[in-house]
Amino acid sequence: QVQLVESGGELVQTGGSLRLSCAASGRTGRIDTMGWFRRAPGKAHEFVAALRWDGGATHYADSVKGRFTISRDNSKITVYLQMNNLKPEDTAVYYCNIQGYESSEYEYWGQGTPVTVSS
């Protein structure tokens, strides 16, 4: 079992910045990727950013490229999402995701942290 704890979501004005954190614990075994998804009100679940644990390669949705940066803390199993130049359309609940292998392949989700960008 793997637990994910997210933090950092809050109300911010257009053009502002936030940093989300996601800390993983438990039987993580071999981590393949950690990343962020979001669900805006009335919309489908949407990929935001991901980071390959082996090598650190990153991938972003087109809608956030150049504004968001995913990174990790090598001393602990934590990923961050630095969000700059926030727009009202970034308003959503942001979910952390982890995929890996520990006796079998696994995928877990965090509980979500809400981000509201006011216009």
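Which residue lies over the face of Tyr 80? Select Arg 19: it lies over that ring face, at 4.1 Å from the ring centre. A charge counts as over a ring if NZ of Lys or CZ of Arg is within 6 Å of the ring centre and within 35 degrees of the ring normal.

Before moving on, note that this is a predicted model, where local features need pLDDT of at least 70, side-chain atom pairs count only at pLDDT 80 or more, and totals for chains, interfaces and linings use all residues. Residues are numbered from 1 along each chain as its sequence is written, and side-chain values use heavy atoms, without hydrogens and water.

Next, select Trp 53. Arg 72 lies over its face, 5.0 Å from the ring centre.

Now the ring pairs. Rings of Phe, Tyr and Trp (its six-membered ring) pair if their centres lie within 6.5 Å; planes under 30 degrees apart are stacked, over 60 edge-to-face, the rest tilted. There are three aromatic pairs by this rule. Select Phe 37 and Phe 47: their ring centres are 5.5 Å apart and their planes meet at 75°, so this pair is edge-to-face.

Check burial here (buried is under 20% relative accessible area, exposed over 50%, partly exposed in between; 1.4 Å probe, protein chains only). Phe 37 is buried at 19%; Phe 47 is partly exposed at 24%.

Last stop: Tyr 106 is buried, at 10% relative accessibility. Tyr 108 is partly exposed, at 23%.
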